[in-house]
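Keep the structure open as you read.

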Amino acid sequence: MKLLVRLIHDSKPIIAQVVKDTGVLINVDRARSDAHEGEEALVDVPDEACIQVSDRMRSLGAEVRILEEGIRHDEEECVDCGACISICPKKVFSFDKDWKLQVETKKCILCGRCIISCPHSALSLSY
Amino acid sequence: MEKSIDEINRRIRDGSARVVTADEMPDIVSELGEEGALQEVDVVTTGTFGAMCSSGAFLNFGHAEPPIKMERIWLNDVEAYGGIAAVDTYIGATNKSVTRMESYGGAHVIEDFISGKSIELRAQSSGSDCYPRRSITTELRLEDLNQAIMVNPRNAYQRYDAAVNTSEDTLYTYMGTLLPHNANVTFSGAGTLNPICNDPNLRLIGSGVPILLGGAQGMVIGEGTQHSSAGSFATLMTTADMTEMNTDFLRAAIMYRYGPTLYLGVGIPLPVLDIETVRRTAVRDSDIMISIKDFGVPSRSRPVIGQVSYADLKSGTIELNNEEITTSSLSSFRRAKMVANTLKRWIEEGQMTLCLPTRFIDTSKQAKPMRETRKVVLVQEIMQRKVVTIKEGQEITEAARKLLKGETNHLPVLNEQGRLTGVITTFDIAKAVARPERKVKVQDIMTRNVITTQADEPIDIAAQKLEHHRISALPVVDAQNQCIAILHASDLGKLFKPGGGRP
Ligand code: SF4
Ligand code: SF4
């Protein structure tokens with residue numbers, strides 16, 4: 001499960017803290033820090049630990065949103081062109097042997113780059 | 001041995017014709033030999049499915065009461081051609097909606113019609129004794145029209161150049177998103193399944209020949225616009241009835257920051273008449289070579305930086321200057337195959353018979369570039385030669401003073417040798433003041449990655465730079481990178497003075 005974690009004010013590195021407190025392994029997919037908007041990180045946690053981790057993060061002052069798994073792919077709109085394949089930094093997209101697009105949403109870090117590259121508006125973020 | 005078209009049609013009618021898709025043909029020829037393949041195969045079906053910008057449809061709405069001769073026409077706010085009286089129009093695929101510029105266009109009107117949606121027609125007229133009505137607004141479905149005939153001036157290109165981008169910025173083009181520093185390559189076309197690649201001398205493809213277009217049975221009208229057979233860039237003009245089309249083979253699309261376009265399925269069945277047909281339809285992806293062009297250069301003659309085959313491109317990566325680059329197709333090979341398979345089924349079921357061209361397409365033709373009679377406006381004609389600059393080592397307060405005094409909010413920054421090394425804006429100063437972490441010199445806060453122009457650059461290219469980077473001024477530099485002038489976005493307005501027109 002992916003969590004979008006936002007820290008409004010300067011504070012301690014809460015991810016390390018949460019790992020320590022809960023014993024759950026947290027994978028940081030991407031992180032960004034901005035003077036105006038605070039810090040934002042996209043993290044990946046095991047599904048069963050999702051509630052535990054997000055509760056702990058909230059108690060440490062973070063804003064946590066639980067995201068659906070990865071990029072959303074609309075099969076109706078998709079024409080299997082492959083324009084998205086070379087855009088994705090995480091190789092989420094590939095063709096099977098019949099040239100049908102395969103989407104491995106597990107690998108997606110929700111960077112959003114593929115969205116504008118799809119000529120058929122078949123890709124979107126669900127949050 | 002040779003076969004006649006009548007013999008092939010007889011077999012189609014009695015259900016005994018052997019039909020294969022063009023991608024199956026190379027292996028059949030390898031296995032049976034050319035003579036064997038000629039004996040065995042009667043028809044080879046081809047197909048392609050990709051962006052075909054030069055597409056559109058003639059529509060006839062029927063007469064209103066009181067009647068109107070429509071002079072300006074909008075369909076869901078997309079303007080359609082108003083010069084073919086009285087209730088006829090042509091809707092082109094790439095025209096943008098006046099209200100939803102970035103997300104809706106002529107291609108969407110066509111797709112919406114085909115999927116049964118209702119479309120708002122608005123039209124205006126200056127009125128006449130025979131057509132008194134001045135305006136009309138009504139909702140129409142495809143079934144309400146008398147005719148909806150797709151006529152596409154330029155379809156089914158023989159090949160397309162592949163695209164890369166050597167520049168430092170992401171480019172958004174009709175070849176899709178091109179990442180900077182050659183980080184990806186995009187291409188289009190169905191390779192082994194492409195209709196003209198299977199008949200490059202246009203012996204079988206010409207006027208009157210039946211095709212699949214957007215899912216309907218249509219035909220080739222003749223040579224397409226920009227047809228350039230001599231350079232292996234042949235094109236076709238095509239037509240079919242829109243009311244028989246479906247969205248499996250026709251989809252509106254948006255190329256980001258380029259605009260709307262129409263993805264279309266086009267396929268042509270080729271009668272296997274002789275050994276020459278067998279040889280040509282045995283073409284493989286690895287036989288079809290195309291150039292890779294650098295879209296980082298905004299010119300008609302983009303530099304060619306390599307040659308690759310469709311087999312290379314379809315493998316997922318190509319090698320360029322010893323680096324592996326991921327490829328992206330813009331057209332769909334899967335749908336191209338669906339086109340070829342659908343044609344195959346039609347012919348096997350006797351729903352389509354074949355014919356030879358009633359007129360042949362000229363294969364010696366070469367498209368010419370545009371003759372331009374007025375010279376292109378260059379940056380030097382409107383740039384401001386009086387430019388206030390600042391040195392790297394000067395204090396921010398000095399920069400602020402200059403910005404306040406001058407009428408600019410861009411200060412080019414020069415080094416000791418007078419070369420341009422950065423630019424500083426009022427925004428940079430505001431930021432520095434908000435966060436004063438001992439940054440006092442211009443060089444501490446300036447933007448180093450400066451976008452520049454040259455005096456002899458066409459003004460439209462400079463304008464595109466301003467827009468692409470969302471900036472409002474460009475320092476003008478000479479070959480030594482000395483800042484000789486500045487071009488402000490506001491100066492571009494001089495070119496469009498009311499009543500003046502462009503110089
Ligand atoms: S959002 Fe980013 S990581 Fe996810 S599929 Fe799109 S490009 Fe790949
Ligand atoms: S770019 Fe869009 S339409 Fe093309 S394969 Fe990817 S998701 Fe499908």
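B:Glu7 and B:Arg11 sit four residues apart, about one turn of the helix, and both belong to helix 1 (residues 5-13) of chain B. Helices here are DSSP runs of H or I with at least four residues, strands are runs of E with at least two, and both are numbered from the N terminus. In general, an α-helix has 3.6 residues a turn, so residues three or four places apart point the same way. The side chains of B:Glu7 and B:Arg11 join in a salt bridge, at 3.3 Å from N to O; the term stands for a side-chain nitrogen of Lys or Arg within 4 Å of a carboxyl oxygen of Asp or Glu.

This is a predicted model, so local features need pLDDT of at least 70 and side-chain atom pairs count only at pLDDT 80 or more, while totals for chains, interfaces and linings use all residues. Residues are numbered from 1 along each chain as its sequence is written, chains are lettered from A and ligands numbered from 1 in the order in which they are written, and side-chain values use heavy atoms, with hydrogens and water left out.

## More salt bridges

Over all chains, the structure holds 30 salt bridges. Some of them connect up: B:Lys3, B:Glu7, B:Arg11 and B:Asp42 form a linked network. Another bridge brings together the side chains of B:Arg18 and B:Glu40, at 2.3 Å from N to O. That pair links distant parts of the chain, with B:Arg18 in the loop between helix 1 and strand 1 (19-21) of chain B and B:Glu40 in helix 2 (residues 25-40), 22 residues apart. B:Lys117 and B:Asp112 also meet through their side chains, at 3.4 Å from N to O.

How covered are these residues? Buried means under 20% relative accessible area, exposed means over 50%, and partly exposed is in between (1.4 Å probe, protein chains only).

| Residue | Relative accessible area | Class |
|---|---|---|
| B:Glu7 | 26% | partly exposed |
| B:Arg11 | 24% | partly exposed |
| B:Arg18 | 34% | partly exposed |
| B:Glu40 | 34% | partly exposed |
| B:Lys117 | 46% | partly exposed |
| B:Asp112 | 12% | buried |

Which residues of helix 7 (residues 396-405) of chain B are buried? They are B:Ile396, B:Ala399 and B:Leu403. Down the helix axis, the buried residues of helix 7 of chain B fall within an arc of 55°, so they line one face of the helix; the arc is that of the directions from the axis to the C-beta atoms. On the other side, B:Thr397, B:Leu404 and B:Lys405 are exposed. The buried residues pack against several elements of chain B, including strand 26 (410-414), strand 27 (420-425) and helix 8 (426-434).

## A buried glycine

B:Gly176 lies in strand 13 (residues 176-178) of chain B and is buried, at 9% relative accessible area. Leaving aside residues up to four places away in sequence, B:Gly176 touches B:Leu171, B:Met255 and B:Leu330; contact means heavy atoms within 4.5 Å.

## The whole chain

Stepping back, chain B has ten helices and 29 strands. Of its 503 residues, 51% are buried. The C-alpha atoms of chain B fill a box of roughly 90 × 70 × 45 Å along the principal axes. Among contacts in chain B with a separation of 6 or more, 68% come from residues 24 or more positions apart.
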